[in-house]
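User: I would like to learn how to read a model of a complex, moving from one chain to its partners. Could you take me through it step by step?

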Amino acid sequence: MTTTDPNELRNAIRGLLESKKIRTFIGWEQGSNAFRSRPLFLRSPDEVGNEIFSPACTPCLVRMIIEDLRYPLDKPDDKRPLGIALRGCDDKGVIELIKDRRIKREEVMIVGVDCPGTVDWTKAKKLIKDRKISTDDIVNGRLIWKDRGIAIATPSGEISLEREKILMSKCLDCEGHTPRIYDVLIGKEDTKRIPAEPPKEVRELEARSPDEKYEFWDDVFSRCIRCYACRNICTYCHCEECAVDPTTLAIAADSIAADKANRPEWVGRDSTDSSNGFYLITRAYHGTGRCISCEECDRACPMRLPLRLLNRKVRKDAKELFDYDAGKSVEDKPLLSETCDNDPGGFIW
Amino acid sequence: MNRNPYLPDLATVVDVRQETGGDRSVRTLTVEFDDKEVASSFTYKPGQLAMLSVFGKGESMISITSSPTMGKALQFSVMRMGRVTSILHYLTKGEKVGVRGPYGNGFPVGEWKGKNLIFIGGGIGSAPLRSAYSYALHNRKDYADISIIYGARTSSDIVFRDELRAIAESGGAKVEMSIDKPESDWDGFVGFAAMNVKRLAPKPDNAIVITCGPVMLIKTVIKELMDLHFKPSEIYTTLENKMKCGVGKCGRCNIGPVLVCKNGPVFTVEQIRQLPSDL
Amino acid sequence: MVMKALSQKFLPKARLQEFKKRLLDLGEVFAPVQEGDVTALRRIGSPNEIADDFDQTQNNLRAIIEPQNEIILTFKDTLKPSLTEQLPAENKRIVLWCRPCDARALSSLDDNFDDALLPDPYYLRRRKSTTIIGLGCEKPFPFCFCGSVGGNPFSTDNLDVIMTRVRDGYVFESLTKKGKDLEAQLTSLFSEIAAEQKNLLLEIQGKSRTLLPRSAPNPEMVHANLGRLFDSPLWKKWGDKCIGCGICTLLCPTCWCFDITDVETRGKGFRIRTWDSCQFPLFTLHTSGHNPRPTKASRVRQRVMHKYRYHPVNYSGRIACVGCGRCTELCPEDIDLIEILNDIMKAGEQQ
Amino acid sequence: MTQTEGHAPKVIAFLCNWCSYAGADLAGTSRIQYPPNIRIIRVMCSARVSPQFVLKAFLEGADGVLLSGCHIGDCHYLKGNLSARRKFASFVNLLQYVGIEPQRFQMSWVSASEGGKFADVVTKFVNELSGLGPQKKLVVGDRLDEIISSEVPS
């Protein structure tokens, strides 16, 4: 059950829009079926009403802040903050954006919500099949939190769904339901913070021999289609210039021919296992001390590659080597911008 | 089975001529196919394009600057812009490029017989124009008056400067050149090409205008021409877009349903007005 | 469209394993393979790799006929190059169990690659050497809307064989000469189809149509409306939600856009054709820095316009959408094609 | 070449300008023998090297990558080597996690006066690599040579 009251949330959003304190509010709207939602942009008080807050609210909205940096949602001269609904896992993304100095704290108006967990469509699909849930219920039903689990509310009653079989894996080991930073919190603050353990698959993989590990990852790399969805949905991939398509800075109206001709070409467009590996390893590495395990990459991947196993490893290492956890506090310095005389160095001859 | 349209033919650079200097300098490469059969089967119209390859760097779609009346060697005027064009600039005599083509529709030079031809260009836009006016000058008696109005930023940015002077001296065409800012030894017009068009006020009767150059030039020139009562169907221009395949398959050079590589690059202003503003 | 089958046979479930094994002797076999929670069409080496119970594969037929990586040519020595053309071998390829919508999509790909003037040899070689065995959808999936775009769960377009799961086995219907040839090579596995099975087949086919979960507006109406909606605000509405990942196009069975790049190491390398997407900002970026489609809105517009406006304009009215629903299902932000189409209808009426 | 096994590993060595490059230079001028398998790329500081450089080297066919800089405390830019150490501490783990043998990437601190240490590092590194055989896991277009040598008739 959530302590976030939908009416209270609605009033808060309406209040923010009426007072003209924010330019746009980013929330969720019901998506293509009961299990899905998509980002919703509210710009005036009379648009309020389409927003939802339910177990279907899986997408992490922090990405929309990053999108706004490159493709402004509103007129560029509108300097008012963006309003955004954040859960206990998403706010870490905002903290990282602030730490990386992409945004300032005052540029976002955070409406915190209490989220007991959201659904994973891939799991839902399996459940739909196994439980023979009717097409009508899938299309027209609505998800609700029910006790510790989730249910589909339909005109003919509620169909309850097992928590383990439907929730995102990150929700199954949730680190806290409400955000650490917020301007308004709708619901009751979740004060217990449970530090996340790296998934046991990570430890299992670590124990394998190099060739066994490579066999596992080569299979993953070879299935990647290089759509870059994992990058484009990621809360830490906010670089203007990406290693795999380094053109945004090099190709501008005033850049000189030599710059354009000599721009680095780290990896080709060919989607072979090694090129894909380069991309995925590089991306994972860039998450060192920045990945917040929102597991959006896993969710966005159209081939459903276990990308979180890369990112959880990087997060685990940051914790073990440097006792560093991304998204803990805006006061922290970015991991790689600092150094310490006592850093581990046993691997160096 | 038909020929593989993606397979370039090897050609040798036989001459390199530096046209202009600076960061975006222009060089004209003259290339000859290595295979005699390919050379004789490669027939093209003025305004058509070819894909030049430098192996390991990639391909680039370049207008054929020469006219089919100039013999079997092909000429390409290349402005140094990015990866492939920079490498093309490093090529010296005897080195190889890959060429495939010709692509695109080209100018309907046959339909223009008996007309006054007015070529208006600027910068590297003179590359396709040169192909067309060279063709017209070679078949001089097929056409009525020919004039060339060309603008560049400075006098050293004028592509084919000597050639244009020679044409003016031979009397084959009237040549009007302009530069954007005054220079001490420049006795021609100073101002943008569109201003020069306004000043010269060419007559629309029995005339065809062919204009090519930077987008701003094309836009301003067309505006002037409209004021001078030219018909949109009598103004030809060439469009460009990023191209990869050159044969209408890779799907990126479209403007609405029209593919620039296959249906273009030559369009009349009338045709362009039918297209969505996806330029 | 449902073509009349040249012949109908029955493959009992007990002989399914043998059937798969025999197919492998006949050529390269591509079939749905279970990969974690999902399935994908892959080249298989053993009959046991084939997933019998699969919904919709993540990738589709395009990955086999126009693969993501197609080496066009190889070269040695970049300065004094020698080139070798790399056409795909004309081995016999068999696709076992692709969904009928994916096969229908080949018509759009054919429009593009198989034009009379400049046929594409890479595509055509693979296309012609592939025998496609479809599997009818007795129960459509949550995002299917093939019925709204001229298809149906048992469409036979571009299929050589269509199989339908019935009680105790599969009905095997040969539709083309290629299919008939395949049938002849496997003839010992089949039994004659019983009247009861024939009825069951009709019943399954009829019922599945009623089970399609979603419906989209009439494509001709969308097509007509789109002609007036180039500058509509609806594109920004959807563009704002888009993250520009390109899944909707890379995994669309009717999309074909590609990039050609050179990969070179130490003086030798290859020229490769790889999938590309109109949703990437780089797709249309000129070297000058000018981008004709600089915003997400313009790119979302290009995708929808291409499928519902430009393709039909160029190819006698054929809508480049088969209603498989992948673009919506796989979109991380749930950008729903059907809702975009609904918006188009609404905006069109308002004008 | 080290006389271990038949395979002669290709090693890319990123050496910092101020210490390790000078150290390598000293090894050369002092005529200390070390395996000739390394291709040296001089960088201004070990912190200049990004993990991407290492991956790119593997992509282009390197069997091993060596990164060497000044000893802690001796960095010409004060904290460059500290920065490199922090960066690569987690990258090394990630490389091993995806199945690259730990012997394929090595970091070392070699000062300008340690010609002998440089030779030792290279010898030890190359010896370990020779035992591993060629790196094939990340080479781009694994089948490139195969494709190029095959003359498929068209």
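User: Which domains does the domain assignment of chain C give?

Analyst: Bear in mind throughout that this is a predicted model. For chain C the assignment gives domain 1, made of 7-68 + 86-210, and domain 2, made of 219-256 + 276-350. The C-alpha centres of these two domains of chain C lie 28 Å apart, and their contact takes 24 residues from domain 1 and 18 residues from domain 2.

User: Which helices of domain 1 of chain C each supply at least two residues of the side that touches domain 2?

Analyst: They include α3 (100-104) and α4 (106-113) of chain C, and the largest share of that side, five residues, comes from α4(C). By class, the side of domain 1 of chain C that touches domain 2 has nine nonpolar, ten polar and five charged residues.

User: How should I read the overall build of chain C, and why is it described as compact as a globular protein of its length?

Analyst: Begin with the inventory, which for chain C is 13 helices and twelve strands. The radius of gyration of chain C is 22 Å, close to the 20 Å that the globule rule gives for 351 residues, and therefore chain C is as compact as a globular protein of that length. Along its principal axes the C-alpha trace of chain C spans about 65 × 60 × 40 Å, and 58% of its 351 residues count as buried. Among contacts in chain C between residues at least 6 apart in sequence, 73% join residues at least 24 apart.

User: What confidence values accompany chain C and the complex?

Analyst: The mean pLDDT of chain C is 92, with 99% of its residues reaching 70 or more, while the predictor gives the complex an ipTM of 0.91 and a pTM of 0.92.

User: How many residues of chain A are in contact with chain C?

Analyst: An interface is often sized by the accessible area lost when the parts come together, but here we can count residues instead. In this model 44 residues of chain A are in contact with 38 residues of chain C. Among the elements of chain A that each supply at least two residues of its side are β2 (37-42), α2 (62-70) and α4 (121-131). That side of chain A divides into 19 nonpolar, twelve polar and 13 charged residues.

User: Which residues have the most contacts inside the largest nonpolar core?

Analyst: They are A:I84, B:F119, B:V209, B:I210 and C:L96, in a core of 332 residues. Its largest share, eight residues, comes from helix α3 (residues 80-97) of chain D.

Definitions and conventions
Residues numbered from 1 in each chain as written. Chains lettered and ligands numbered in written order. Predicted model: local features only at pLDDT ≥ 70, side-chain atom pairs only at ≥ 80, totals over all residues. Core = buried A, V, L, I, M, F, W, Y, C linked by C-beta atoms within 7 Å. Buried ≥ 20, exposed ≤ 12 C-beta atoms within 10 Å, placed from the backbone. Helix = DSSP H or I, 4+ residues; strand = E, 2+ residues; numbered from the N terminus. pLDDT = per-residue confidence, 0-100. Contact = placed C-beta atoms within 7 Å. Nonpolar A, V, L, I, M, F, W, Y, C, P; charged D, E, K, R; others polar. Rg over C-alpha atoms; globule rule 2.2 N^0.38 Å. Domains from an automatic or database assignment.
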